Amino acid sequence: MGSNPKRLHVMFFPFMAHGHMIPTLDMAKLFSSRGAKSTILTTPLNSKILQKHIDTFKNLNPSLEIEIQVLDFPCVQLGLPEGCENADFLTLNNNDDRQDMITKFFLSTRFFKGQLENLLETMRPDCLIADMFFPWATQAAEKFNVPRLVFHGFGYFPLCFAYRIKLHKPQQRVTSSCEPFVIAHLPGSIVMTQEQINDCDEGTEMGKFMVEVKESEVESSGVVVNSFYELEPDYADYYKSVVANRAWHIGPLSDVNREFGEKAERGKKASVVALCTIRNSQRNRIFDITRHVS
């Protein structure tokens, strides 16, 4: 009686690219604003990108807990250019070389697994929310009985679309790359052509990696999506009933940035952010997630 209850500790692990790091940062701030302790895992160079945003947030909210835990990522040892700790740094002009380097960058993130396991063992967070491109994170979290949620920075529609394409492969049953076809069993009449689909060959290294991504999602404790129900209700319902019933939409995550200092210079350069204000149910979403994964 009278003692302060232990704060829920959530660990966040974004893929090293601005389009993944910024929404994950927003998510960490959202959880902190609801009373949780948030720890973001990233590399030395990326920590400098995120730290200034965290400092601004903490200055505005001094009672909230949010921090960065820095992981080692020896680029040269892993076959990457010096300082290549972010996918946005891959600027090779030759398309073939660039694709090879991107594949190597994705595969090299497996180097984090041992470090992640050490942190899970010593810090014992209540939950790990790791990016979809870290499939090995599910096994690492399971080793220490920590629920692992997969984070998707985009909405339900592309997730449902990818699921139907993967399951039925309609693009392989047309006579030409420009012949239109309807994505069967998907809400709405979504018409595509073969040339509009980035169909990854499962025989390639990147193809095998994407298979691991999907398998780890199935084996995880659930999925967190940067979307909101009012935006795409049909696809939210479809995803939860057909693809992954343990899924939560907690977006738009950018809405956590209320002050001008937080909204400015998000990402690589300043941009005008169109904020959708769906605030009334956000608090319930956070507690609904923690109740189900704890």
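In what order do the seven strands form the open sheet, and is the pairing parallel or antiparallel?

Modeller: Bear in mind that this is a predicted model. The order is β3-β2-β1-β4-β5-β8-β9. The sheet is open, with seven strands, and the pairing is parallel. In general, strands of a sheet pair through backbone hydrogen bonds. The edges are β3 (66-70) and β9 (247-249). Each has a single partner strand, so one side of each is left without a neighbour in the sheet. From one strand to the next, the twist averages 25 degrees.

Strands β8 and β9 run parallel and are joined by three bridges. Val224 stands opposite Trp248, a residue of β9.

Helix α2, residues 44-60, lies across β2 (37-42) and β3. The helix runs at about 170 degrees to β3. A salt bridge also belongs here. The side chains of Arg7 and Glu65 meet at 3.4 Å, N to O. Arg7 sits in the segment before β1 (9-13), and Glu65 in the loop between α2 and β3, so the pair ties together parts that are 58 residues apart in sequence. The model has five salt bridges by count.

Back to β8, for a pocket. Strand β8 (222-225) gives two or more residues to the lining of the second largest pocket. So do α6 (156-168), α7 (205-219) and α8 (233-243). The largest share is from α6, with five residues. The pocket has a volume of about 320 Å³. Its lining has 17 residues, and the closest to the centre are Tyr163, Lys214, Glu217, Val218 and Val243. By type, the lining divides into nine nonpolar, four polar and four charged residues.

Terms used: Residues numbered from 1 in each chain as written. Predicted model: local features only at pLDDT ≥ 70, side-chain atom pairs only at ≥ 80, totals over all residues. Heavy atoms only, no water. 1 Å grid on protein atoms, 1.4 Å probe; cavity = no way out; pocket = protein on both sides within 12 Å on 5 of 7 lines; lining within 4 Å. Points joined across faces, edges and corners; volume = space filled by probe spheres on them. Helix = DSSP H or I, 4+ residues; strand = E, 2+ residues; numbered from the N terminus. Nonpolar A, V, L, I, M, F, W, Y, C, P; charged D, E, K, R; others polar. Pairing = 2+ DSSP bridges. Axes fitted to C-alpha atoms, helices over the stretch in contact; angles between N-to-C directions. Contact = heavy atoms within 4.5 Å. Salt bridge = Lys/Arg side-chain N within 4 Å of Asp/Glu carboxyl O.
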